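Hello,

Here is the structure you asked for. My notes on it follow below.

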Amino acid sequence: MKRVRLGLIGCGVVGSGVLRVLSDRAGMVGGMGLEATRIAVKHLSRPRPSYVPKERLTDDWRSVCLADDVDVVIEVMGGIDVAHEVVRTAIRAGKPVVTANKALMAAHGPELRALARDHGVAVRYEASVLGGVPAIHTLQTYFRVNRVTALRGIVNGTSNYILTRMTHEGASFADALAEAQALGYAEPDPTSDVEGHDAFFKLQVLLQVLGVDTAPLRNEVHAPALEPRPLDARLAAYLAAPREGISHLRPDDVLRARSRGEKLKHVATARWREDGVVETFIRVESLPPSDPLFGIDGVENALAITGDVVGTVTLTGPGAGAFPTASAVLEDVVQLVEVPHAGNASVEDEIEWRVNSSRR
């Protein structure tokens, strides 16, 4: 039996979820023995559940990344700057990394994957996008014959929960947000979720998996006019309209949609143009019952992927919470142990993308 020693950076909702799964399974996951040998936290004195081994806690994340008794580093601390340094340190120490950090991967994904390739290790990040929904795995392993022509998703559970309560219960935005916060579905500061930043980060990560240059999108550059581009030009993503959240919505807006038999949903969209530009939208849409995203309610997430051969394939599942995200983290751990370099080359490799025209 393979034994894998984990270094956990962060022990909040997701980190605690990982430890709870390991405790419940007695360390047996995916046919191998997983053990968290070191755990870095910000506050050593904070009360923690019984399944968190207190004797393995440290407030020195560097010691976790460099430790001889850590085989894989799991980064679930959140934020960008310190997390960026954590992942770089682990990679340079020859440790593969699993992260659930969408903001980090949106900002630094190409750089971190290149650094990992240079050091012969993997960076995996399934948990950074749709929680327990295997969106990245599907894009990397299934859409090889198909040319992806569109992505549309409900990728933020907080916004979807709020809109569901406003639609089905007639709640105001403020009341639905307060309920989401009380249930742990929304942060004390919900700005990232309700103003569309979270969905914006996740769409960038998904597009990077497909070899799209997201630098213009990250800088919120708007799409240029349709014009011929060089055949070898790399696909690049732009905003087609200003990023939109849901905080401006009122009960009357929801009622107008309901009167048409529709639902308001916060949708992240990417559409491939014939000139190699990928237009993106982060906005509220009024969806009819025929739309594959119409029935996605509560904290559920969904991603509709359109290929030029298969048509539209829709993935749905739990997009938030400790266990769905922990599930994605641990699936990544098992897969990178089984296939050590998976997650750096494959679909997202820029060189392969340029020469394999069937995926353009």
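E220 sits in the loop between α10 and β9. Its phi is positive, about 55°, although E220 is not a glycine. This is a predicted model, so please read every value here as computed from it. E220 has a relative accessible area of 31%, so it counts as partly exposed.

P224 belongs to the loop between α10 (215-218) and β9 as well. Its relative accessibility is 32%, which makes P224 partly exposed. Leaving aside residues up to four places away in sequence, P224 touches Y238, R273 and V277. P224 and Y238 are 14 residues apart in sequence. In space their C-alpha atoms are 8.1 Å apart.

A26 also has a positive phi without being a glycine, at about 55°. With a relative accessible area of 69%, A26 is exposed, because the cut-off for that is over 50%.

Now the helices.

Helix α1 covers residues 13-24, twelve residues in total. From first C-alpha to last it reaches 16 Å, close to the 16 Å expected at 1.5 Å a residue. Its buried residues are V14, G15, S16, G17, V18, L19, V21 and L22. They pack against β1 (3-9), β2 (28-29), β3 (32-40) and α12 (322-338).

Helix α6 spans residues 157-169. At 1.5 Å a residue, its 13 residues should span 18 Å; the end C-alpha atoms are 17 Å apart, so the two agree. α6 is mostly covered, with ten of its 13 residues buried. Among them are G157, Y161, I162, L163 and M166. The cover includes β8, α7 (173-182), α8 (191-194), α11 (251-259), β10 and β12.

Both ends of α6 deserve a look. N156 caps the N-terminal end: a side-chain oxygen of N156 lies 3.3 Å from the backbone nitrogen of T158. Just after α6, G170 takes a positive phi of about 70°.

Next, the sheet.

Six strands form an open sheet with mixed pairing, in the order β9-β11-β10-β8-β12-β13. β9 (236-239) and β13 (311-318) are the edge strands, each pairing on one side only. From one strand to the next, the twist averages 20°. As a reminder, strands of a sheet pair through backbone hydrogen bonds, either parallel or antiparallel.

- β10 (residues 263-272) and β11 (residues 277-287) run antiparallel and are joined by ten bridges. H266 has V284 in β11 as its bridge partner.
- β8 (residues 148-154) pairs with β12 in the antiparallel sense, over six bridges. L151 has I305 in β12 as its bridge partner.
- β12 and β13 are antiparallel too, over eight bridges. Here G307 is bridged to G311 in β13. A hairpin of three residues joins β12 to β13.

How much of β12 is buried? Strand β12 (residues 300-307) is mostly covered, with six of its eight residues buried. β12 is also part of what covers the buried residues of α6.

UniProt, in an unreviewed entry, carries the annotation "domain: Aspartate/homoserine dehydrogenase NAD-binding" for residues 10-126. In the model, that span is 40% helix and 19% strand. Its end C-alpha atoms lie 17 Å apart.

T99 is found in strand β6 (residues 97-99). Is T99 buried or exposed? Its relative accessible area is 1%, so T99 is buried, the cut-off being under 20%. The side chain of T99 makes a polar contact with the side chain of E75, at 2.5 Å. Beyond residues up to four places away in sequence, T99 touches E75, L104, M105, R124, Y125, A127 and S128.

One is the N156 cap on α6. Another is the T99 and E75 side-chain contact.

Best wishes

Methods
Residues are numbered from 1 along each chain as its sequence is written. This is a predicted model: local features need pLDDT of at least 70, side-chain atom pairs count only at pLDDT 80 or more; totals for chains, interfaces and linings use all residues. Side-chain values use heavy atoms; hydrogens and water are left out. UniProt positions are given in the numbering used here, feature names are shortened, and annotations may be inferred rather than shown by experiment. Helices (H or I, at least four residues) and strands (E, at least two) are DSSP runs, numbered from the N terminus. Buried means under 20% relative accessible area, exposed over 50%, partly exposed in between (1.4 Å probe, protein chains only). A polar contact is a pair of N or O atoms within 3.5 Å; within protein, one must be able to donate a hydrogen and the other to accept it, and residues adjacent in sequence count only if both atoms are side-chain atoms. Contact means heavy atoms within 4.5 Å. Two strands pair if DSSP finds at least two bridges between them. Axes are lines fitted to C-alpha atoms, for helices over the stretch in contact, and angles run from 0 to 180 degrees between N-to-C directions. The expected span of a helix is 1.5 Å times one less than its number of residues.
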